[in-house]
Amino acid sequence: MRNITYRIVLMAIAIIMGLAAAHAQTVLKVGSTPTGIPFTFLDTKTNTIQGVMVDLVTEVGKDAGFQVQVEPMQFSTLIAALTSNKIDLISAAMYITPARREVIEFSEPVYSYGEGLIVPKSDTKEYKAFEDLKGETDGSQVGTVYVEPLKKTGLFADVKVYDTIPDIMRDVNTGRLKAGFGDYPILAYNVQQGNFPDLRLVKSFKSTIVGSIGIGVRKTDADLLKKVNTSLAKLKANGTVDKILAKWGL
């Protein structure tokens with residue numbers, strides 16, 4: 001009788017431990033930038049990173065069975081942080097490009113857009129293309145897909161490189177730059193929110209460097225990539241992705 005009771009106790013313990021393991025979720029570190037509103041940004045009220053890509057990766061984690069711990073870092077350091085195992089995923093406004101796919105892998109695309117142009121509000125010229133700014137000094141963000149194409153045009157007196165989009169906007173605001181190029185939705189959101197009231201988003205400008213963003217994964221994490229894509233497909237089908245985009249005005 002004692003042996004039967006002992007076995008029952010052991011079985012009960014095993015079941016409890018199994019249930020606990022089933023409910024214990026892996027916590028994955030996610031790299032995001034604090035200056036890419038509305039995709040990722042530092043919410044000073046909560047001192048946390050918020051935005052489209054944070055909401056999205058959180059929902060992906062809920063569906064795929066992992067929790068996320070968002071790690072703020074500069075855009076230009078994200079890929080190195082992923083490949084060196086400091087983070088497990090990248091969820092930011094990062095274009096999926098052939099060059100980047102040589103180093104990391106990406107999920108299916110989440111959202112597509114091109115570059116935007118900002119100038120001082122006092123500059124009322126309706127710029128349409130790079131050629132309209134020939135001979136001028138402009139700026140773009142380090143690590144983005146815009147820097148090299150801007151330089152290769154040979155049109156500009158100088159293409160200054162900045163750590164963040166707000167840094168670019170401040171220098172356009174003060175007259176240090178004639179114009180600034182960056183992710184159209186990020187520029188638009190900053191202008192709409194009144195963060196830089198003396199700047200103007202040039203709506204006549206036609207984007208030429210267009211791409212899609214996705215969640216970045218290490219090339220060695222094929223199983224994780226499969227889970228992310230499976231969950232993304234569900235979230236697109238049930239309208240969750242559209243709701244997140246609408247929440248942030250996209």
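Strands here are DSSP runs of E with at least two residues, helices are runs of H or I with at least four, and both are numbered from the N terminus. Two strands pair if DSSP finds at least two bridges between them. Gly139 has Gly180 of S12 as its bridge partner.

Before going on, a word on the model. It is predicted, so local features need pLDDT of at least 70 and side-chain atom pairs count only at pLDDT 80 or more, while totals for chains, interfaces and linings use all residues. Residues are numbered from 1 along each chain as its sequence is written, and side-chain values use heavy atoms, with hydrogens and water left out.

Now the whole sheet. It is open, has five strands in the order S11-S10-S12-S9-S13, and its pairing is mixed. Strand S11 (158-162) and strand S13 (199-201) are the edge strands, each pairing on one side only. From one strand to the next, the twist averages 30°.

Two helices pack on this sheet. Helix H6 (residues 165-174) touches strand S9 (115-120), S10, S11, S12 and S13, and its direction makes about 160° with that of S12. Helix H7 (residues 184-192) touches S9, S12 and S13, at about 115° to the direction of S12. Contact means heavy atoms within 4.5 Å. Axes are lines fitted to C-alpha atoms, for helices over the stretch in contact, and angles run from 0 to 180 degrees between N-to-C directions.

Within H6, the buried residues include Ile165, Ile168 and Met169. Buried means under 20% relative accessible area, exposed over 50%, and partly exposed in between, with a 1.4 Å probe and protein chains only. After H6 comes Gly175, with a positive phi near 90°.

Next, a helix pair. The axes of helix H2 (residues 52-64) and helix H8 (residues 222-237) come within 9 Å and cross at roughly 105°. H2 is therefore roughly perpendicular to H8, a label for angles of 65 to 115 degrees; under 35 is roughly parallel, over 145 roughly antiparallel, and the rest oblique. On the H2 side the contact includes Leu56 and Glu59, and on the H8 side Lys227 and Val228.

Last, Ser32, in strand S1 (residues 26-32). Ser32 counts as buried because its relative accessibility is 1%. Among the residues Ser32 touches, leaving out those up to four places away in sequence, are Thr40, Ile49 and Ser91.
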